[in-house]
Amino acid sequence: MKGFEKVYRGFSGSKKSERLGVSRPEVPPIYATSVFSFDRLEDMDRVFEGKSHGFIYSRIDNPTNKLLEDVLAELELSEQALVFSSGMAAISHSLMAALKPGDHVVVSDVIYGGSYALFKDILGSWDVEVDFVDIFDVEAVKRSIRQNTKVIYCETISNPMMEVADIPSLSSLAKENGILLFVDNTFASPVLCNPVMLGANVVIHSLTKYINGHSDVTGGMVAGEKTFMEKLLKIRTIIGGCMSPFDAWLTLRGIKTLHARMKVHSENAMALARLLENHPKVGKVYYPGLERQKTYGIARKVLEGGFGGMLSFELLADEAELNNFLENLELIELVPSLASVSTILSIPAKTSHRAVPEDVRLSKGISNSLIRLSVGIEPLEVIWKDISNSLDKLS
Ligand SMILES: *Cc1c(COP(=O)(O)O)cnc(C)c1O
């Protein structure tokens, strides 16, 4: 499996750990230190100048974080990766590395709420022009490109309609015009998609989601080409959105099961999508692996080994019934996040897409009774029993 070999053998294992006499710890330790000491002034000087290997200060670099970065670069098949305090820190630092006042960006009009707010409310005040476009209409993306366009920004799988972006076509378009293609690959994970292999320049993850996978870490990651990453490291050092070494260590632990988790997330979600489609209280179901999904053909090209753990469905119910459905669930909780080992659900109209004007929201199919399910890795029967019991209790 691409990238994964080293996760087990070279990185997470003992080979890179410090010797303790004639042995080494099987699991690398957490370097819970904010700063490092030197025997000689000259040594410190050499580390500052990049002439000797060493660490100075954990805002700049830390051995535990560095280990995670090496693993992530490997998983995303890219030259280098850097970790951040959150997914949003990863996105904002990487945009700072790519943009200056007067530049223009073309952004998918269906992106994560935090990213939407960043483009809409923050970049405007930095004098960066933003065009939100239908990213699934490559011709529309092409028409929106201008002389000063520097970045095209999209997500591999859109939230909550689960459409898949045509990364190969977008990357050709970006290359022809000397533009950087940024892909937020959070929903797919590096197991199902490696955007760099499809021509993307910059790949972003919220480590908070699948990569750590246990809802106990907040973190982010950016991977890409060395020259861009060097610029980004300088920005992270100055702006300071660095990750805690403890969170980096937990994420390294989470990654050991990433491959196995994504397989079960995908299998469970595919089966649930079919079960839901056939339930009389359920309207449309949105999942990248369903043939009647608009971008099914693209999903087959862009995703590999499964269609992920995220699906949405329309409950054929009014608001009172929607509440009954939620209350009748015994295991599945209403949680405004995703990608944990446990199945959780959210109502996009009330959570991630709260800030989107109602007419825009409805035009995208995000109705008040659309339910987004982050399918966990429990036995399928356990998840379906909870959902079907609750659906069957509706009149
Ligand atoms: C959660 C999420 C983010 C933001 O990540 P945080 O770790 O919460 O800052 C960005 N993009 C996508 C697609 C997400 O799901």
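Colleagues, I begin with the interface: 36 residues of domain 1 are in contact with 38 residues of domain 2, where contact means heavy atoms within 4.5 Å. This is a predicted model in which local features need pLDDT of at least 70 and side-chain atom pairs count only at pLDDT 80 or more, while totals for chains, interfaces and linings use all residues. Residues are numbered from 1 along each chain as its sequence is written, and side-chain values use heavy atoms, with hydrogens and water left out.

The domain assignment of the protein chain places domain 1 at 4-255 and domain 2 at 258-392; such bounds come from an automatic or database domain assignment. The C-alpha centres of the two domains are 27 Å apart.

Between domain 1 and domain 2 about 3100 Å² is buried, and carbon and sulfur atoms give 65% of that area. Buried area here is the accessible area (1.4 Å probe) that two parts lose on being put together, summed over both. Of the area that domain 1 buries against domain 2, Met161, Leu192 and Tyr210 supply 25%, more than any other three residues.

A salt bridge joins the side chains of lysine 364 and aspartate 109, at 2.8 Å from N to O. Helix 7 (167-176), helix 8 (189-192) and helix 10 (245-255) each supply at least two residues of the side of domain 1 that touches domain 2. The largest share of that side, 4 residues, comes from helix 8. Helices (H or I, at least four residues) and strands (E, at least two) are DSSP runs, numbered from the N terminus.

Which order do the strands of the open sheet follow? The 5 strands run 8-9-12-11-10, with mixed pairing. Strand 8 (282-286) and strand 10 (333-334) are the edge strands, each pairing on one side only. Two strands pair if DSSP finds at least two bridges between them. Strand 9 (residues 310-315) pairs with strand 12 (residues 370-374) in the antiparallel sense, over 5 bridges. Methionine 310 stands opposite serine 374 in strand 12.

Finally, the helices on the sheet. Helix 11 (residues 258-277) lies across strand 8, strand 9 and strand 12, at about 10° to strand 9. Helix 13 (residues 319-328) packs on the sheet and touches strand 9, strand 11 (344-346) and strand 12, its direction making about 135° with that of strand 9. Axes are lines fitted to C-alpha atoms, for helices over the stretch in contact, and angles run from 0 to 180 degrees between N-to-C directions.

Technical notes
A salt bridge is a side-chain nitrogen of Lys or Arg within 4 Å of a carboxyl oxygen of Asp or Glu.
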